[in-house]
Amino acid sequence: MSSKRLGRIRQEMARLGLDGLLVSSLQDIRYLSGFSGSTALALITQSRAALILDFRYLTQAAREVSHFEIVTTPTKPWDAVANLAQDWKIQRLGFEAEDLSFFQHEKLKEGLPDVTLVATSELIKDLRMVKDSEEVTLIQKSAEILSITLEEVLSEIKPGLREREVAALLEYRMKIHGADREGFDTIVASGERSAMPHGIASDKELIKGELVIIDCGCGYQGYNADITRTIALGKPSARALEIYPVVLRAQEQALATARVGVRAATVDKAARQVIEGEGYGEFFGHNTGHGVGLSVHEKPTLSRDSEIPLEEGMTFTIEPGIYLPGVGGIRIEDTVTLGLRGLEVLTSAPRELLIL
Ligand code: ZN
Ligand code: ZN
(Lines give C-alpha, C1' and ligand atoms only; values in the text may rest on other atoms or scores of the structure.)
(Ligands and ions follow the chains in the order given, each with its own letter.)
Protein backbone atom coordinates (compact mmCIF):
# COMPACT_ATOMS: atom_id res chain seq x y z
CA MET A 1 0.00 0.00 0.00
CA SER A 2 1.48 3.30 -1.08
CA SER A 3 1.68 6.10 1.49
CA LYS A 4 1.21 8.52 -1.43
CA ARG A 5 -2.53 7.97 -1.17
CA LEU A 6 -2.54 9.19 2.43
CA GLY A 7 -0.32 12.11 1.41
CA ARG A 8 -2.80 13.16 -1.26
CA ILE A 9 -5.79 13.08 1.06
CA ARG A 10 -3.83 15.15 3.59
CA GLN A 11 -3.25 17.77 0.90
CA GLU A 12 -6.99 17.87 0.29
CA MET A 13 -7.64 18.24 4.02
CA ALA A 14 -5.18 21.15 4.22
CA ARG A 15 -6.85 22.79 1.23
CA LEU A 16 -10.22 22.62 3.00
CA GLY A 17 -8.86 23.71 6.39
CA LEU A 18 -9.71 20.40 8.04
CA ASP A 19 -7.48 19.13 10.83
CA GLY A 20 -9.24 15.77 10.84
CA LEU A 21 -11.13 13.53 8.44
CA LEU A 22 -13.40 10.65 9.32
CA VAL A 23 -13.59 7.92 6.69
CA SER A 24 -16.46 5.45 6.89
CA SER A 25 -16.64 3.90 3.40
CA LEU A 26 -15.01 0.47 3.50
CA GLN A 27 -13.67 0.85 -0.03
CA ASP A 28 -12.13 4.22 0.84
CA ILE A 29 -10.61 2.62 3.95
CA ARG A 30 -9.21 -0.21 1.86
CA TYR A 31 -7.79 2.28 -0.65
CA LEU A 32 -5.95 4.23 2.05
CA SER A 33 -4.92 1.49 4.47
CA GLY A 34 -5.12 -1.88 2.73
CA PHE A 35 -7.67 -3.21 5.25
CA SER A 36 -10.21 -5.47 3.52
CA GLY A 37 -12.47 -6.31 6.47
CA SER A 38 -16.15 -5.53 6.61
CA THR A 39 -16.33 -3.21 9.64
CA ALA A 40 -14.01 -0.30 10.38
CA LEU A 41 -13.76 3.45 10.68
CA ALA A 42 -10.69 5.55 9.95
CA LEU A 43 -9.59 8.86 11.43
CA ILE A 44 -6.86 10.91 9.76
CA THR A 45 -4.97 14.06 10.73
CA GLN A 46 -1.84 15.62 9.21
CA SER A 47 0.42 13.52 11.43
CA ARG A 48 -1.66 10.56 12.59
CA ALA A 49 -3.93 7.96 11.05
CA ALA A 50 -5.90 5.34 12.94
CA LEU A 51 -8.12 2.46 12.00
CA ILE A 52 -10.84 1.78 14.53
CA LEU A 53 -11.98 -1.82 14.51
CA ASP A 54 -13.01 -4.62 16.78
CA PHE A 55 -11.27 -7.70 18.05
CA ARG A 56 -12.49 -9.93 15.18
CA TYR A 57 -10.24 -8.10 12.73
CA LEU A 58 -7.01 -7.77 14.69
CA THR A 59 -5.08 -10.57 12.99
CA GLN A 60 -6.29 -9.53 9.57
CA ALA A 61 -5.41 -5.88 10.19
CA ALA A 62 -1.93 -6.78 11.40
CA ARG A 63 -1.34 -8.56 8.12
CA GLU A 64 -2.93 -6.05 5.75
CA VAL A 65 -2.64 -2.56 7.13
CA SER A 66 0.19 -0.11 6.64
CA HIS A 67 0.54 3.59 7.59
CA PHE A 68 -2.33 3.35 10.11
CA GLU A 69 -2.26 2.64 13.83
CA ILE A 70 -4.86 0.14 14.98
CA VAL A 71 -7.29 1.15 17.70
CA THR A 72 -9.57 -1.56 19.00
CA THR A 73 -12.91 -0.91 20.52
CA PRO A 74 -15.01 -3.59 22.19
CA THR A 75 -18.46 -2.35 21.19
CA LYS A 76 -18.75 1.36 20.61
CA PRO A 77 -16.79 2.59 17.59
CA TRP A 78 -18.38 6.07 17.70
CA ASP A 79 -17.15 6.58 21.28
CA ALA A 80 -13.69 5.52 20.11
CA VAL A 81 -13.80 8.09 17.31
CA ALA A 82 -14.83 10.80 19.79
CA ASN A 83 -12.07 9.87 22.25
CA LEU A 84 -9.43 9.84 19.56
CA ALA A 85 -10.58 13.14 18.06
CA GLN A 86 -10.37 14.73 21.51
CA ASP A 87 -6.91 13.24 22.19
CA TRP A 88 -5.70 14.54 18.86
CA LYS A 89 -7.29 17.95 19.55
CA ILE A 90 -9.24 18.00 16.28
CA GLN A 91 -11.22 21.24 15.85
CA ARG A 92 -12.64 20.92 12.33
CA LEU A 93 -13.52 17.34 11.46
CA GLY A 94 -14.51 16.48 7.91
CA PHE A 95 -16.76 13.54 7.10
CA GLU A 96 -17.65 12.19 3.67
CA ALA A 97 -21.33 13.14 3.50
CA GLU A 98 -22.37 10.43 1.03
CA ASP A 99 -21.06 7.72 3.34
CA LEU A 100 -22.48 8.73 6.72
CA SER A 101 -26.05 7.99 7.72
CA PHE A 102 -28.12 10.53 9.60
CA PHE A 103 -27.93 8.30 12.67
CA GLN A 104 -24.14 8.11 12.47
CA HIS A 105 -23.88 11.86 12.02
CA GLU A 106 -25.98 12.40 15.16
CA LYS A 107 -23.75 9.98 17.06
CA LEU A 108 -20.69 11.89 15.96
CA LYS A 109 -22.20 15.24 16.94
CA GLU A 110 -23.23 13.90 20.32
CA GLY A 111 -19.72 12.63 21.08
CA LEU A 112 -17.99 15.80 19.88
CA PRO A 113 -20.16 18.77 20.92
CA ASP A 114 -17.27 21.27 20.64
CA VAL A 115 -15.93 20.12 17.29
CA THR A 116 -17.06 21.68 14.01
CA LEU A 117 -18.26 18.91 11.71
CA VAL A 118 -17.72 19.71 8.04
CA ALA A 119 -19.46 17.74 5.28
CA THR A 120 -17.10 16.87 2.44
CA SER A 121 -18.10 15.30 -0.84
CA GLU A 122 -16.28 12.28 -2.23
CA LEU A 123 -12.75 13.56 -1.56
CA ILE A 124 -11.35 10.03 -1.57
CA LYS A 125 -13.57 8.85 -4.42
CA ASP A 126 -12.18 11.68 -6.53
CA LEU A 127 -8.64 10.49 -5.77
CA ARG A 128 -9.66 6.92 -6.57
CA MET A 129 -10.65 7.92 -10.11
CA VAL A 130 -7.01 7.91 -11.20
CA LYS A 131 -5.48 4.50 -10.59
CA ASP A 132 -1.83 3.93 -9.77
CA SER A 133 0.09 1.10 -11.42
CA GLU A 134 -0.55 -1.27 -8.51
CA GLU A 135 -4.28 -0.82 -9.00
CA VAL A 136 -4.19 -1.13 -12.79
CA THR A 137 -2.33 -4.44 -12.42
CA LEU A 138 -5.07 -5.79 -10.14
CA ILE A 139 -7.86 -4.64 -12.48
CA GLN A 140 -5.97 -6.23 -15.37
CA LYS A 141 -5.83 -9.52 -13.48
CA SER A 142 -9.51 -9.28 -12.62
CA ALA A 143 -10.34 -8.64 -16.30
CA GLU A 144 -8.24 -11.64 -17.31
CA ILE A 145 -10.12 -13.95 -14.93
CA LEU A 146 -13.44 -12.58 -16.14
CA SER A 147 -12.57 -13.00 -19.82
CA ILE A 148 -11.39 -16.60 -19.41
CA THR A 149 -14.51 -17.40 -17.40
CA LEU A 150 -16.88 -15.90 -19.95
CA GLU A 151 -15.17 -17.70 -22.82
CA GLU A 152 -15.50 -21.06 -21.04
CA VAL A 153 -19.13 -20.58 -20.10
CA LEU A 154 -20.12 -19.34 -23.58
CA SER A 155 -19.01 -22.70 -24.95
CA GLU A 156 -21.49 -24.45 -22.63
CA ILE A 157 -24.59 -22.33 -23.17
CA LYS A 158 -27.44 -24.06 -24.91
CA PRO A 159 -31.24 -23.87 -25.10
CA GLY A 160 -32.91 -25.47 -22.09
CA LEU A 161 -30.48 -24.07 -19.52
CA ARG A 162 -32.08 -21.66 -17.09
CA GLU A 163 -30.68 -18.12 -16.83
CA ARG A 164 -29.92 -18.84 -13.19
CA GLU A 165 -27.79 -21.86 -14.17
CA VAL A 166 -25.74 -19.76 -16.59
CA ALA A 167 -25.15 -17.19 -13.83
CA ALA A 168 -24.14 -19.95 -11.39
CA LEU A 169 -21.68 -21.39 -13.92
CA LEU A 170 -20.09 -17.97 -14.39
CA GLU A 171 -19.82 -17.35 -10.66
CA TYR A 172 -18.42 -20.81 -9.96
CA ARG A 173 -15.87 -20.64 -12.76
CA MET A 174 -14.62 -17.16 -11.90
CA LYS A 175 -13.92 -18.31 -8.35
CA ILE A 176 -12.09 -21.40 -9.60
CA HIS A 177 -9.94 -19.03 -11.68
CA GLY A 178 -9.07 -16.93 -8.62
CA ALA A 179 -11.79 -14.30 -8.21
CA ASP A 180 -12.69 -13.25 -4.65
CA ARG A 181 -16.36 -12.90 -5.58
CA GLU A 182 -18.73 -11.86 -8.34
CA GLY A 183 -18.80 -8.11 -8.91
CA PHE A 184 -22.61 -7.86 -8.71
CA ASP A 185 -25.69 -10.03 -9.19
CA THR A 186 -24.89 -11.58 -12.55
CA ILE A 187 -27.19 -10.49 -15.37
CA VAL A 188 -28.42 -13.17 -17.72
CA ALA A 189 -31.42 -11.83 -19.60
CA SER A 190 -32.85 -13.81 -22.50
CA GLY A 191 -35.56 -13.19 -25.05
CA GLU A 192 -37.91 -10.36 -24.09
CA ARG A 193 -36.12 -10.09 -20.75
CA SER A 194 -33.04 -8.83 -22.58
CA ALA A 195 -34.89 -5.53 -23.04
CA MET A 196 -34.34 -4.95 -19.30
CA PRO A 197 -30.83 -3.46 -19.03
CA HIS A 198 -30.46 -4.93 -15.53
CA GLY A 199 -32.31 -8.22 -15.87
CA ILE A 200 -30.80 -10.31 -13.11
CA ALA A 201 -30.74 -14.03 -13.94
CA SER A 202 -34.15 -15.64 -13.40
CA ASP A 203 -35.67 -19.11 -13.62
CA LYS A 204 -36.46 -18.61 -17.29
CA GLU A 205 -35.14 -21.20 -19.69
CA LEU A 206 -33.12 -20.16 -22.72
CA ILE A 207 -35.01 -20.79 -25.95
CA LYS A 208 -33.70 -21.23 -29.48
CA GLY A 209 -33.81 -18.02 -31.53
CA GLU A 210 -33.46 -15.72 -28.53
CA LEU A 211 -30.89 -13.07 -27.74
CA VAL A 212 -29.16 -13.41 -24.38
CA ILE A 213 -27.42 -10.54 -22.59
CA ILE A 214 -24.75 -11.75 -20.23
CA ASP A 215 -23.28 -9.05 -17.99
CA CYS A 216 -20.90 -10.22 -15.32
CA GLY A 217 -18.21 -8.81 -13.10
CA CYS A 218 -15.62 -10.17 -10.77
CA GLY A 219 -13.42 -8.89 -8.00
CA TYR A 220 -9.77 -9.79 -7.56
CA GLN A 221 -8.05 -8.57 -4.39
CA GLY A 222 -10.82 -6.02 -4.14
CA TYR A 223 -10.56 -4.72 -7.72
CA ASN A 224 -13.34 -5.21 -10.24
CA ALA A 225 -13.73 -5.80 -13.94
CA ASP A 226 -17.01 -5.73 -15.86
CA ILE A 227 -17.98 -7.22 -19.24
CA THR A 228 -21.16 -7.73 -21.27
CA ARG A 229 -21.74 -9.79 -24.35
CA THR A 230 -24.99 -10.40 -26.18
CA ILE A 231 -25.27 -13.73 -27.95
CA ALA A 232 -27.87 -15.37 -30.17
CA LEU A 233 -29.12 -18.91 -29.64
CA GLY A 234 -29.50 -20.16 -33.18
CA LYS A 235 -30.64 -17.93 -36.02
CA PRO A 236 -31.38 -14.44 -34.69
CA SER A 237 -34.33 -12.34 -35.86
CA ALA A 238 -33.91 -9.83 -38.69
CA ARG A 239 -34.38 -7.06 -36.10
CA ALA A 240 -31.51 -8.39 -33.96
CA LEU A 241 -29.27 -8.60 -37.01
CA GLU A 242 -30.12 -5.01 -37.82
CA ILE A 243 -29.48 -3.63 -34.33
CA TYR A 244 -26.37 -5.55 -33.33
CA PRO A 245 -23.98 -3.77 -35.73
CA VAL A 246 -25.35 -0.39 -34.56
CA VAL A 247 -24.43 -1.14 -30.94
CA LEU A 248 -21.06 -2.48 -32.01
CA ARG A 249 -20.34 0.65 -34.04
CA ALA A 250 -21.41 2.82 -31.10
CA GLN A 251 -18.96 1.01 -28.85
CA GLU A 252 -16.17 1.27 -31.43
CA GLN A 253 -16.76 5.00 -31.82
CA ALA A 254 -16.62 5.51 -28.07
CA LEU A 255 -13.44 3.41 -27.80
CA ALA A 256 -11.85 5.47 -30.57
CA THR A 257 -12.85 8.74 -28.87
CA ALA A 258 -11.68 7.97 -25.31
CA ARG A 259 -8.22 9.44 -24.81
CA VAL A 260 -6.41 11.64 -22.32
CA GLY A 261 -7.84 15.16 -22.21
CA VAL A 262 -11.20 14.30 -23.78
CA ARG A 263 -14.25 15.00 -21.59
CA ALA A 264 -16.25 11.97 -20.42
CA ALA A 265 -19.36 13.50 -22.03
CA THR A 266 -17.62 13.49 -25.42
CA VAL A 267 -17.15 9.73 -25.20
CA ASP A 268 -20.81 9.31 -24.25
CA LYS A 269 -21.78 11.47 -27.20
CA ALA A 270 -19.66 9.44 -29.62
CA ALA A 271 -21.64 6.30 -28.77
CA ARG A 272 -24.99 8.07 -28.54
CA GLN A 273 -24.65 9.76 -31.93
CA VAL A 274 -24.26 6.43 -33.71
CA ILE A 275 -27.38 5.03 -32.02
CA GLU A 276 -29.39 8.23 -32.51
CA GLY A 277 -28.27 8.37 -36.14
CA GLU A 278 -29.97 5.01 -36.74
CA GLY A 279 -33.16 6.17 -35.02
CA TYR A 280 -32.74 4.19 -31.79
CA GLY A 281 -31.78 7.08 -29.50
CA GLU A 282 -34.79 6.71 -27.21
CA PHE A 283 -33.92 3.03 -26.65
CA PHE A 284 -30.48 3.80 -25.23
CA GLY A 285 -31.53 5.18 -21.87
CA HIS A 286 -28.44 4.66 -19.74
CA ASN A 287 -24.95 6.14 -19.60
CA THR A 288 -22.19 4.95 -21.91
CA GLY A 289 -19.94 3.86 -19.07
CA HIS A 290 -18.71 4.12 -15.50
CA GLY A 291 -15.43 4.02 -13.63
CA VAL A 292 -14.31 0.62 -12.33
CA GLY A 293 -11.99 -0.01 -9.41
CA LEU A 294 -12.58 -0.99 -5.80
CA SER A 295 -16.26 -0.40 -6.63
CA VAL A 296 -17.86 -1.82 -9.75
CA HIS A 297 -19.52 1.53 -10.32
CA GLU A 298 -17.42 4.55 -9.43
CA LYS A 299 -16.22 7.80 -10.91
CA PRO A 300 -15.89 8.89 -13.66
CA THR A 301 -19.37 8.47 -15.08
CA LEU A 302 -19.44 8.62 -18.87
CA SER A 303 -22.72 10.45 -19.23
CA ARG A 304 -24.18 13.29 -21.27
CA ASP A 305 -23.30 15.89 -18.64
CA SER A 306 -20.01 14.58 -17.25
CA GLU A 307 -17.48 17.38 -17.70
CA ILE A 308 -14.60 15.37 -16.20
CA PRO A 309 -11.59 15.29 -18.54
CA LEU A 310 -10.18 11.77 -18.93
CA GLU A 311 -6.73 11.25 -17.41
CA GLU A 312 -4.01 8.67 -17.62
CA GLY A 313 -4.79 5.97 -15.05
CA MET A 314 -8.55 6.18 -15.35
CA THR A 315 -10.23 2.82 -15.74
CA PHE A 316 -13.82 2.60 -16.91
CA THR A 317 -16.33 0.71 -19.01
CA ILE A 318 -17.78 1.48 -22.41
CA GLU A 319 -21.17 -0.17 -22.73
CA PRO A 320 -23.75 1.22 -25.15
CA GLY A 321 -26.96 -0.71 -25.70
CA ILE A 322 -30.32 -0.69 -27.44
CA TYR A 323 -33.39 -2.10 -25.68
CA LEU A 324 -36.69 -2.58 -27.51
CA PRO A 325 -39.54 -3.34 -25.09
CA GLY A 326 -41.33 -6.54 -26.01
CA VAL A 327 -38.60 -7.47 -28.49
CA GLY A 328 -35.22 -7.65 -26.77
CA GLY A 329 -31.99 -5.85 -26.14
CA ILE A 330 -28.33 -5.76 -27.05
CA ARG A 331 -25.41 -4.40 -25.03
CA ILE A 332 -21.67 -4.74 -25.56
CA GLU A 333 -19.38 -3.75 -22.69
CA ASP A 334 -15.67 -3.79 -22.03
CA THR A 335 -13.46 -2.52 -19.22
CA VAL A 336 -10.67 -0.25 -20.45
CA THR A 337 -7.82 1.78 -19.00
CA LEU A 338 -6.07 4.90 -20.23
CA GLY A 339 -2.34 4.27 -20.12
CA LEU A 340 0.84 5.78 -21.46
CA ARG A 341 0.15 4.25 -24.84
CA GLY A 342 -3.47 5.37 -25.00
CA LEU A 343 -6.54 3.26 -24.47
CA GLU A 344 -6.08 -0.37 -23.55
CA VAL A 345 -9.04 -2.75 -23.55
CA LEU A 346 -8.62 -5.06 -20.55
CA THR A 347 -11.49 -7.49 -21.05
CA SER A 348 -11.30 -9.73 -24.06
CA ALA A 349 -13.95 -11.72 -25.88
CA PRO A 350 -15.05 -11.53 -29.51
CA ARG A 351 -17.31 -8.54 -30.10
CA GLU A 352 -19.03 -9.81 -33.23
CA LEU A 353 -22.44 -11.41 -32.68
CA LEU A 354 -21.80 -14.92 -31.46
CA ILE A 355 -24.42 -17.32 -32.79
CA LEU A 356 -24.53 -20.53 -30.75
ZN1 ZN B 1 -21.56 -4.80 -16.71
ZN1 ZN C 1 -20.90 -1.85 -16.36
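Reader: What should I know before I start?

Author: This is a predicted model, where local features need pLDDT of at least 70, side-chain atom pairs count only at pLDDT 80 or more, and totals for chains, interfaces and linings use all residues. Residues are numbered from 1 along each chain as its sequence is written, chains are lettered from A and ligands numbered from 1 in the order in which they are written, and side-chain values use heavy atoms, leaving out hydrogens and water.

Reader: How many helices and strands does the protein chain have?

Author: Helices (H or I, at least four residues) and strands (E, at least two) are DSSP runs, numbered from the N terminus. Here the protein chain has 10 helices and 18 strands.

Reader: How do I read burial, and what share of the residues count as buried?

Author: Buried means under 20% relative accessible area, exposed over 50%, and partly exposed in between, using a 1.4 Å probe and protein chains only. Of the 356 residues in the protein chain, 55% count as buried.

Reader: Now the metal: which residues are the protein donors of the zinc ion (ligand 2)?

Author: Donors are N, O and S atoms within 2.8 Å of the metal (3.2 Å for Na, K and Ca); water is not among the atoms, so sites may look incomplete. For this zinc ion (ligand 2), they are Asp226 (OD), His290 (NE2), Glu319 (OE) and Glu333 (OE), at 2.1 to 2.2 Å. Asp226 also bridges to the zinc ion (ligand 1), and the two zinc ions lie 3.0 Å apart.

Reader: Are His290 and Glu319 buried or exposed?

Author: His290 is buried, with a relative accessible area of 9%. Glu319 is buried too, at 9% relative accessibility.

Reader: Why is the arrangement around the zinc ion (ligand 2) irregular?

Author: Four donors count as tetrahedral if all angles lie between 85 and 135 degrees; four count as square planar and six as octahedral if opposite donors are over 155 degrees apart and all others between 65 and 115; anything else is irregular. Here the four donor atoms subtend angles of 77 to 154°, which makes the arrangement irregular.
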